Amino acid sequence: MTTVDTPATTSSIAQALRKLYFVRFAFQLIWAGLVFATASQLGPLGIALVVIYPLFDVGAAIVDARSSKAAGTPYGLYVNIAISTLAAIGLGVAGTAGVPGILRVWGVWAIVSGIVQLVVGVVRRRMGGQWPMILSGGISVLAGASFFMGAAAPNPMLTNIAGYAVLGGIFFLISALRLGRAAKGK
């Protein structure tokens with residue numbers, strides 16, 4: 001797990017996280033809009049969109065891990081990279097089986113990655129700006145269970161995962177704004 005020791009380290013990590021969280025917010029809103037626009041049919045674009053999301057998460061976790069390495073080994077982020085890589089592969093395979101398969105894989109991924117996000121947020125809480133991440137991790141666990149169970153619904157749809165992305169993006173935005181103080185070294 002990442003630990004934050006010195007004010008200079010905290011400020012540096014907070015600055016990097018703040019930028020990353022703003023990028024994640026923008027990505028998630030754009031991604032959700034595309035999913036809402038294409039959710040009526042699951043074609044190659046829809047499958048590509050559900051695979052791109054965890055791949056973006058992998059990229060974001062790599063950036064986060066590199067930024068946070070000065071404060072200690074970011075094991076939770078490494079776990080997240082592995083989980084999201086497996087999710088991207090699983091979603092690509094599940095996409096050929098239809099929306100229920102996608103929702104099951106997405107649900108499991110949301111549960112596991114939510115637990116990891118919650119743990120990383122708790123470890124980083126002294127840095128500031130992490131309460132939104134802690135809440136988001138907990139909500140991800142609950143949403144993941146909902147997606148998994150919703151796969152058995154009569155007419156499952158991908159629009160729920162788009163809503164999940166918007167909510168997650170809002171949590172990233174709030175956390176980025178709250179990290180402003182830590183990024184200034186206060």
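The protein chain has 6 helices and 0 strands, where helices (H or I, at least four residues) and strands (E, at least two) are DSSP runs numbered from the N terminus. Read along the sequence, then, the pattern is α-α-α-α-α-α. Before I go on, please keep in mind that this is a predicted model, in which local features need pLDDT of at least 70 and side-chain atom pairs count only at pLDDT 80 or more, while totals for chains, interfaces and linings use all residues. Residues are numbered from 1 along each chain as its sequence is written, and side-chain values use heavy atoms, with hydrogens and water left out.

Let me stay with the whole chain for a moment. Of its 186 residues, buried ones make up 47%; buried here means under 20% relative accessible area, exposed means over 50%, and partly exposed is what lies in between, with a 1.4 Å probe and protein chains only. The chain exposes about 8700 Å², and carbon and sulfur atoms supply 70% of that area, as computed by the Shrake-Rupley method with a 1.4 Å probe, where for residues only the protein chains shown count as cover. If we take the contacts with a separation of 6 or more, residues 24 or more positions apart account for 80% of them, a contact being heavy atoms within 4.5 Å.

Now to the inside of the model.

The elements giving two or more residues to the lining are α1 (7-38), α2 (44-68), α3 (75-95), α4 (99-123), α5 (131-150) and α6 (159-183), and the largest share, 6 residues, comes from α4. By type, the lining divides into 15 nonpolar, 9 polar and 4 charged residues, with Ala, Val, Leu, Ile, Met, Phe, Trp, Tyr, Cys and Pro counted as nonpolar, Asp, Glu, Lys and Arg as charged, and the others, Gly among them, as polar.

Two of the residues I have just named bring us to the next topic. A search of the whole structure finds 1 salt bridge, defined as a side-chain nitrogen of Lys or Arg within 4 Å of a carboxyl oxygen of Asp or Glu, and this is where the side chains of Arg24 and Asp57 meet, at 2.5 Å from N to O. Arg24 lies in helix α1 and Asp57 in helix α2, so the pair ties together parts that are 33 residues apart in sequence. Both Arg24 and Asp57 are buried.

Also in helix α1 is Gln28, which counts as buried at 2% relative accessibility. Not counting residues up to four places away in sequence, Gln28 touches Tyr53, Ala165, Gly168, Gly169 and Phe172. Gly168 is itself found in helix α6 and is buried at 11% relative accessibility; leaving aside its neighbours within four places in sequence, Gly168 is in contact with Gln28 and Ser136.

The C-alpha atoms of Arg178 and Ala14 are separated by 9.7 Å, while along the chain the two are 164 residues apart.

I will finish with two buried residues. Met133, whose place is in helix α5, has 3% relative accessibility, and, not counting residues up to four places away in sequence, Met133 touches Tyr21, Gln117, Phe171, Phe172 and Ser175. Gly95 lies in helix α3 and is buried, with a relative accessible area of 6%; with residues up to four places away again not counted, Gly95 touches Leu42, Ile47 and Ile102. Between the C-alpha atoms of Gly95 and Val51, 44 residues apart along the chain, the separation is 8.9 Å.
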